[in-house]
Amino acid sequence: MGLATFKGGIHPPDKKTLAAGSSIVVSNPPKIVVIPLSQHIGAPCKPIVSIGQEVRKGEIIGEPGGFVSSPVHSSVSGKVVAIGEFPNAMGRMVNSVVIENDGKEEWTSLKDNPDYMNLSPEELREKVKAAGIVGMGGAAFPTVVKLSPPKEKAIDAVLINGAECEPYLTADYRLMIEKSKEVVEGLKILMKILGVQKGYIGIENNKPDAVAKMKEAAAGEAGIEVLALEVKYPQGAEKMLIKAILGREVPPRALPMDVGVVVQNVGTALAIYEAARFGKPLIERVVTVTGEGIAEPKNLIVRIGTKVADLIEECGGFKGGVGKVISGGPMMGFALSSLDVSVTKGTSGILVIPEDSVSHVEEFGPCIRCGRCIDACAMGLMPSMLSVLSEKGHYEEAKEYNLFDCFECGSCAYVCPSKRPIVQLVRLAKSMVKP
Amino acid sequence: MEATKKEHQLIVSVSPHVKTDETTSRIMWSVSLALLPAALAGVYFFGLRALFITALCIVSSAVFEQLYFRMVGKKSAVGDGSAFLTGLLLGMNMPASLWSFSPFTVHVPVIASFVAVVITKQLFGGLGFNVFNPALIGRAFALISWPKAMTIWSEPTAAFLAMDAKTTATPLGILKEEGVVKLLEVFGDKMSLYMHLLTGNRAGSIGETSAIAILIGGLFLLYRGYITWHIPVSFLGTAAVIAWVFGGKGALFTGDPIVHLISGGMMLGAWFMATDYVTSPSVRKGQIIFGIGCGFLTMLIRLKGGYPEGVMFAILIMNCFAPIIDRGVKSKVFGAVKQNTAKENK
């Protein structure tokens with residue numbers, strides 16, 4: 001009652017109990033990793049290693065290809081055996097570096113610097129950049145870009161996104177329970193880099209123990225507030241989180257920095273702490289392997305480049321007939337066509353839906369104009385109109401219904417009683433017209 | 001088979017990968033269920049004839065829809081329940097006296113069903129594309145084509161099997177023709193009038209008689225989230241205010257809003273006809289405008305028009321405006337300063 005939130009949204013069953021009780025464990029070291037050189041939004045990296053070259057753990061293997069880009073590091077020590085195009089989770093071919101793990105786990109250089117809070121904002125920002133940190137909630141936007149706002153954008157608050165509103169996923173939840181201090185440290189570093197006095201950690205209230213843990217960890221830290229938020233999808237969308245915590249609305253087509261805010265995910269905050277303190281690059285992340293179709297749901301620390309097939313095996317394999325394997329959550333994740341794809345910096349979960357829970361033939365009916373999607377849309381759009389206009393090919397007209405404000409959270413398609421593929425129709429329309 | 005499964009034949013489809021188990025057909029059947037109390041009240045008061053008429057409309061609607069699908073070679077969607085619902089609503093909007101073989105009027109519900117399902121719905125593109133409420137067009141067609149047969153109102157009878165009954169005027173008919181004094185005279189006193197209207201013990205269409213039975217169904221829909229308050233409340237609220245202000249004889253503010261709310265087709269219209277998804281606005285704010293329009297037009301016809309009852313025409317007229325209302329109000333885009341960002345997009 002009375003918890004902060006936004007208007008609209010939906011309440012899908014959260015299914016978090018499947019994996020919520022499993023502590024984070026380090027996954028088996030992969031024998032081979034396929035590390036894509038483009039795991040982030042922005043320019044792909046240029047490979048700076050060659051076939052046959054020995055690399056160490058944490059060694060840079062791909063240089064950023066522009067300002068909006070992020071370096072890529074080796075997640076194992078061993079030998080580069082191939083460089084070439086491999087499919088990523090979305091099925092696109094991406095230039096990747098294949099490294100055979102020699103099992104020695106030799107690091108490049110990892111130095112503990114307990115004095116990291118005395119570094120200057122510039123030095124800290126440089127560490128975040130060098131560590132190749134990107135948004136780990138799924139979008140994988142290079143973090144350093146968010147931390148370098150233009151001068152005219154005055155930032156006054158940093159938000160840590162602990163909403164984890166996607167059903168099934170528990171990676172951020174486990175981090176908040178097990179690494180609460182480190183997450184708070186990450187937030188402090190962010191505040192220092194951006195020179196702001198206020199930091200907030202927003203957590204959906206279906207994780208009361210995480211709220212308690214984070215409150216405990218943040219006790220006595222000046223300017224940091226931990227807030228329980230209403231449980232409602234998509235509470236973890238940047239704009240919705242900012243609205244819930246600060247009451248500010250990011251205008252259409254604008255960025256959080258336009259309302260003075262930078263939002264970072266829980267996992268990203270931890271990575272920032274580890275980069276600042278140990279100089280550790282982003283070579284591993286917590287991945288929730290879960291769903292009714294997996295034998296033993298787990299929260300694993302996984303090296304970037306590990307094959308999804310390896311994770312499935314480590315979690316006891318499939319339970320029952322396998323239907324869908326999804327990279328990410330059920331609302332916005334991608335259904336994989338092959339298990340031979342890599343975990344990347346943005347992979348928050350691997351979700352297995354058993355065959356009998358998937359409808360094979362997704363037939364859909366006409367829009368009956370019931371308005372459920374309009375009520376569900378967190379962006380205040382009319383998904384019903386967008387879907388009908390797109391279906392009929394009236395893409396230009398769809399723009400008048402604010403087509404490009406849709407961030408494809410899927411709430412509309414979730415509530416649609418006619419089972420219309422509204423999100424897909426929106427994507428189609430977006431691809432047919434210029435913004 | 002097992003071996004190929006081991007090769008991971010993965011199902012790939014677009015996000016979201018989870019969906020609500022709510023379906024269009026479940027909505028249609030739920031609305032039909034919500035109409036049951038009112039339909040049963042109709043059968044209770046008007047006897048077996050009411051059941052025959054309602055069943056005839058349902059069967060005709062389903063058969064005509066099935067025939068249409070077969071004729072145009074489309075996959076049958078009769079199972080979605082929308083033809084059943086249209087037939088049920090149509091039947092509930094007809095007088096029980098239509099079940100008469102001399103003069104023969106049994107064809108009226110059949111033809112009205114054809115007009116509702118085939119002409120009003122399917123020829124406009126099928127479910128989701130019809131401009132007008134199919135059941136109401138069916139009824140309007142019947143009323144205009146067979147004005148006499150459609151306005152023979154039987155007295156509520158206790159004889160369940162009786163195939164005819166004394167005819168009488170509806171409460172609204174009396175109110176229109178002879179005024180409120182006569183109406184009170186017929187029913188005894190005010191309390192007795194209210195009770196007759198609430199329980200349904202009065203002349204009228206089969207399904208519109210019992211205000212309480214309709215309200216039970218309406219509240220069920222509200223509770224289950226199948227409708228929201230916007231249309232019924234704005235519809236009934238507007239009608240009540242107008243009835244109170246202008247409904248009296250002579251002086252303003254002397255009308256009786258309660259009589260107007262619970263007589264005629266007001267309750268059935270506000271809860272079940274105006275709330276039809278397809279033919280009403282889908283933006284909540286637009287639904288309020290729509291409801292106000294329905295209430296206003298209903299009372300305009302009742303107080304100033306030639307017909308004693310105006311619900312049907314009011315809703316049909318507002319049906320025309322539903323798409324325009326949706327276009328006009330739109331929903332407020334998150335973060336937008338102005339309500340309509342269409343111009344900025346160009």
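Strand β14 (residues 298-303) of chain A is mostly covered, with five of its six residues buried. Here, buried means that 20 or more other C-beta atoms, placed from the backbone, lie within 10 Å of the residue's own. Strands (E, at least two residues) and helices (H or I, at least four) are DSSP runs, numbered from the N terminus. This is a predicted model: local features need pLDDT of at least 70, side-chain atom pairs count only at pLDDT 80 or more, and totals for chains, interfaces and linings use all residues. Residues are numbered from 1 along each chain as its sequence is written, while chains are lettered from A and ligands numbered from 1 in the order in which they are written.

**Around strand β14**

- Strand β1 (residues 24-26) of chain A runs parallel to β14(A), joined by three bridges. Two strands pair if DSSP finds at least two bridges between them.
- In that pairing, Val25(A) stands opposite Leu300(A).
- Strand β13 (residues 284-290) of chain A pairs with β14(A) in the antiparallel sense, over six bridges.
- Opposite Lys298(A) of β14(A) stands Val289(A).
- In a regular strand the side chains alternate between the two faces of the sheet.

**A four-stranded sheet in chain A**

- An open sheet of four strands has the order β2-β8-β7-β4 in chain A, with antiparallel pairing.
- Its edge strands are β2 (32-36) and β4 (54-55) of chain A, each pairing on one side only.
- Strands β7 (residues 78-87) and β8 (residues 93-101) of chain A run antiparallel and are joined by nine bridges.
- Lys79(A) has Glu100(A) in β8(A) as its bridge partner.

**Chain A as a whole**

- Chain A holds 14 helices and 17 strands.
- Its radius of gyration is 21 Å, close to the 22 Å from the globule rule for 435 residues, so chain A is as compact as a globular protein of that length. The radius is taken over C-alpha atoms, and the rule is 2.2 Å times the number of residues to the power 0.38.
- The C-alpha trace of chain A spans about 60 × 50 × 45 Å along its principal axes.
- Of the 435 residues in chain A, 59% are buried.
- Among contacts in chain A with a separation of 6 or more, 73% join residues 24 or more positions apart. A contact means that two C-beta atoms, placed from the backbone, lie within 7 Å.

**Domains of chain A**

- The assignment gives domain 1 (116-278) and domain 2 (372-432) in chain A. Such bounds come from an automatic or database domain assignment.
- The C-alpha centres of these two domains of chain A lie 30 Å apart.
- Six residues of domain 1 are in contact with seven residues of domain 2 in chain A.
- On the domain 1 side, the touching residues divide into five nonpolar, no polar and one charged. Ala, Val, Leu, Ile, Met, Phe, Trp, Tyr, Cys and Pro count as nonpolar, Asp, Glu, Lys and Arg as charged, and the others, Gly among them, as polar.

**Chain B and the interface**

- In chain B, 36 residues are in contact with 53 residues of chain A.
- The elements giving two or more residues to the chain B side are α2 (24-46) and α16 (342-345) of chain B.
- That side of chain B divides into 17 nonpolar, 14 polar and five charged residues.

**Confidence**

- The predictor gives the complex an ipTM of 0.90 and a pTM of 0.92.
- Chain B averages a pLDDT of 91, and 95% of the residues score at least 70. pLDDT is the predictor's confidence in each residue, from 0 to 100.
- Over residues 1-6 of chain B the pLDDT is below 50, and this stretch has three contacts beyond near neighbours in sequence.
- Residues 339-346 of chain B also have a pLDDT below 50, with nine such contacts in the model.
- Where pLDDT is low, the predicted coordinates should not be read in detail.

Key:
Buried ≥ 20, exposed ≤ 12 C-beta atoms within 10 Å, placed from the backbone.
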